[in-house]
Amino acid sequence: MNAPQNNNAFAVLEDDKGDLKQEFRKYLRQWPWFVLALIITLLSAYIYIRYAPRVYETVAKIKVLDESDGLELPTSAFVFKRSNINLENEIEIINSYIILEEVAKELKLNTLFFEEGTIQTAQIAELPFYFEQTIEPDSILKSMSYVIDVKDKDFEVTPLNSDKTTVIPNFNSLEVDHEFPFQIKIDNTASFKEANGKRYIVTFRPLQNAILGLKSSILTQPIGDQSHLLSLTVKGESKLLSERILNKLIDVFNRDGIKDRQLVSQRTLDFIGDRFVFLERELDSIEIEGKEFKEDNDLVDLSADAALGLQERSRSDKDVFEIESQIVIVDMLQDAIKSNLDGGLLPANIGLGSNNTNSLIDEYNLAVLERDKLIRSGGENNPTVKFTESHIDDLRSNITKSLNSYQQQLQVSQSQLRNRNRKFIGKVSRIPEKEKLLRAIERQQKIKESLYLLLLQKREEAAINLAITEPSIKVVDYALSSSGPISPKPNVAYAAAILAGLLIPFAILYLIFMLDTKIHGKEDIMKINNRIPIIAEIPDISRKEKAVFLDPNDRTVLAESFRILSSNVNYLLPVKDDEKGKVIYCTSTIKGEGKTFISINLSLALSSMNKKVLLIGADLRNPQIHTHTKFDKTTVGLSDYLHDGSVHWKSNLIKGFEKHENHDILLSGNIPPNPTSLLTNGRFKTLIDEAKEIYDYVIVDTAPTVLVTDTMLISQLADVTVYISRANFTEKNILHFAEDLFESGKIKNMAYVINGVGASRSYGYGYNYGYGYGYGSKELA
């Protein structure tokens, strides 16, 4: 029956597959919570998908054109040419308040339409019947909502914050006096069939709120790093409304760009128009002067001068004419600069002979346009605007200096030409002074006529540029909505639900396990005390089940677990040559871990194998064995024997369980005031020695070790000490106390028994007792 002692024989009843496998099993045992969480999250995802509003994505693509290139085809130098397009500036302009305000006004986006369904209310682009807004978008200062119910014969309109309902018969509000800011009417059968029985909500909101909402809903971003394409994206419940918004935004942005390009041409036209009035007066004056001069001097025709003199004078006159024309143009530009104090555009390409000055004027006009764009997108106090204005001032100063320098050059040239012309006059001194004066008049007339024709040509060019101004963008794709909603996405929703259904219970269980300080099975004990063998795990029993198996032939899970315990205890008992009984102590660390329960059932299990067993209640401070018998705690027992030498322990033995004939019990007796003294007076050792002669096993239910020292005082009398811990009750930190007792040798031949383990955790009990072979019912035994 006995076997050689091996303290590690039952330390591990099955191979440990590692902490990861243990952790997985720990969470796997809680599978009902995971299933419940998955059901809840999947149901929530289904409800969300079923009732969430359908959101669609609408995308449009445009290409921003380079102002310097227009729409011409790329040349061979296109690859090496640096682009003048700044997409970040264009994006800011597209999303600017001014542009979006124009879009909101043209589409009346501060008026929203909703269709109320049985489950949810969805936004729509327009009502299915005639609707005319009678209030200007700018005049809406606060939000207003109206509910329109379409009945069989009339409209019922109710302000959202009022109970007053207005009935509009014949579906025509034009025939009824009302104070609503709109007119509605149904004038065809198709509209009536579509709207009959439905409820619509019309909401008016301030224009600023609509613009800010539009600003936050539109996403503008470049397509690639080297691309000039922009992608405009908006998400909404109504595909039609989203497409209208993007298409209108493209149209407004294009018009704004065209307007900027036309501004230079318009300024040039205005400048030339003002100069025409002045030149016409001067030409009239010169023509009248020439007529009067001829009349006064009786001139009809002039003879030609000498060939050489005339040619030289002709060339000289031509040079003087060109110089004086340039001087006049310079004077005109200087007057334009002096009158242009507000930083406006200057006339360009009016025939000035200074290329440097023409380049400065072109650069100045481009800077003015860039400044105006920046003011619209960033405001007048934007640092970039200030910098641009400073640059404009510098350009204006440079233009003035350049004109002054050019004017000085012209004056010097004019002086030289005049001096040379005087020599020619001397050569042709025979020409009458009258001819000289007449030619001066004719020269002035030619200058003014040439300048007039030049300005006329420039005006036509500016008018043509104004009329055929190329667009600022090229539409790659007009607004196109996705065929299916982007939200809610069933795949994403269900995937998120499954993930949440797994993570939420996992997180909760993780916190519970992290904060849990109780032991639950052999793994918890082995992590702390891996040198102390674990000889059994006793399953937890419900209150309806019997805590003690009274029938020796009982085949319940509880009875079999104690039979396994009794067999494993035998392997721990030391081998002795004598035939004396074995002493087995049952103790625990604290009260409530089930040592009395284990003591009684272990003794009954050994008794059921036809062994003579004595159960001694040695917990003199808190006896509990009597609660499982028909005797009370005042029955004479161990304390009486230890205290009174005239009392013999054999005479106080009781039969607590009728069907166990080989089982005797020595109760604890009356609770003494000095249990420590009684246990160490020598009579307890005498009792054990005498009992070993009579019984095969002596089971001693001792006091908890951490509370009192009673057990340690008599521990040397035990052959095996069964140390009980209770699942879901014993704190992990008190296991170190048992480890200290084992390491110090204060308790002899210690082995763990884990009490109250759930059926799903106790190894073996989930399957070892499920077979029909050998463990049937009592009728089949």
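**Entry 1**

I began with D256, which is buried, with a relative accessible area of 14%. I kept in mind that I am looking at a predicted model. D256 belongs to helix α7, residues 239-297. I then asked which residues D256 touches, not counting those up to four places away in sequence. I found I93, I99 and R376.

I93 was my next stop, and I located I93 in helix α3, residues 87-94. Is I93 buried or exposed? Its relative accessibility is 8%, so I93 counts as buried, the cut-off for buried being under 20%. Leaving aside neighbours within four places in sequence, I listed the contacts of I93 as I99, F253, D256, K373 and S377. I also checked I93 against L374: the two are 281 residues apart in sequence, yet their C-alpha atoms lie 8.2 Å apart in space.

**Entry 1: the whole protein**

I stepped back to look at the overall make-up. I noted 20 helices and 19 strands in the protein. Of its 781 residues, 44% are buried. I also looked at contacts between residues at least 6 apart in sequence, and 79% of these join residues at least 24 apart.

**Entry 2: α2 against α12**

Two packed helices are described by the angle between their axes and the distance between the axes. I looked up both values for helix α2 (residues 31-51) and helix α12 (residues 490-515): the angle is about 150 degrees and the axes are 8 Å apart. The two helices are therefore roughly antiparallel to each other, as angles over 145 degrees count that way. The crossing of α2 past α12 is right-handed.

Which residues of α2 and α12 meet? From α2 I wrote down W33, F34, A37, L38, T41, L42, A45, Y46, Y48 and I49. From α12 I have P490, A493, Y494, A497, I498, A500, G501, L502, P505, F506 and L509. Sorted by class, the residues of this contact are 19 nonpolar, two polar and no charged.

**Entry 3: α4 against α6**

I repeated the exercise for helix α4 (residues 97-107) and helix α6 (residues 207-217). Their packing angle is about 115 degrees, and their axes are 9 Å apart. That makes α4 roughly perpendicular to α6. I noted a right-handed crossing for α4 and α6.

On the α4 side I found Y97, L100, E101, V103, A104 and K105, which meet L207, Q208, I211, L214 and K215 of α6. How many of the residues in the contact of α4 with α6 are charged? I count three charged, with seven nonpolar and one polar.

I followed α6 onward, as α6 lies across β10 and β11 and runs at about 40 degrees to β10. The sheet here is an open one of four strands, in the order β10-β11-β1-β12, with antiparallel pairing. Why is one side of β10 and of β12 left without a neighbour in the sheet? β10 (218-222) and β12 (473-481) stand at the edges, so each has a single partner strand. On average, neighbouring strands of this sheet are turned by 15 degrees against each other, direction ignored.

Inside the sheet I looked at strand β1 (residues 56-64) and strand β11 (residues 229-236), which are paired antiparallel over eight bridges. Opposite Y56 I found G236 of β11.

**Entry 4: the seven-stranded sheet**

My last stop was an open sheet of seven strands with parallel pairing, ordered β13-β19-β18-β14-β17-β15-β16. β13 and β16 (663-666) are at the edges with a single partner strand each, so one side of each has no neighbour in the sheet. Here neighbouring strands are turned by 20 degrees against each other on average, direction ignored.

β13 runs parallel to strand β19 (residues 750-757), joined by four bridges. The bridge partner of I534 in β19 is Y752.

L614 has D664 of β16 opposite.

Helix α15 (residues 595-607) lies across β13, β14, β15, β16, β17, β18 and β19, at about 170 degrees to β17. Helix α20 (residues 735-744) also packs on the sheet, where α20 touches β18 and β19 and makes about 160 degrees with the direction of β19.

Note on methods: Residues are numbered from 1 along each chain as its sequence is written. This is a predicted model: local features need pLDDT of at least 70, side-chain atom pairs count only at pLDDT 80 or more; totals for chains, interfaces and linings use all residues. Side-chain values use heavy atoms; hydrogens and water are left out. Axes are lines fitted to C-alpha atoms, for helices over the stretch in contact, and angles run from 0 to 180 degrees between N-to-C directions. Angles under 35 degrees count as roughly parallel, over 145 as roughly antiparallel, 65 to 115 as roughly perpendicular and the rest as oblique. A crossing is left-handed if the near helix is turned anticlockwise from the far one by less than a right angle, and right-handed if clockwise. Contact means heavy atoms within 4.5 Å. Ala, Val, Leu, Ile, Met, Phe, Trp, Tyr, Cys and Pro count as nonpolar, Asp, Glu, Lys and Arg as charged, and the others, Gly among them, as polar. Two strands pair if DSSP finds at least two bridges between them. Buried means under 20% relative accessible area, exposed over 50%, partly exposed in between (1.4 Å probe, protein chains only).
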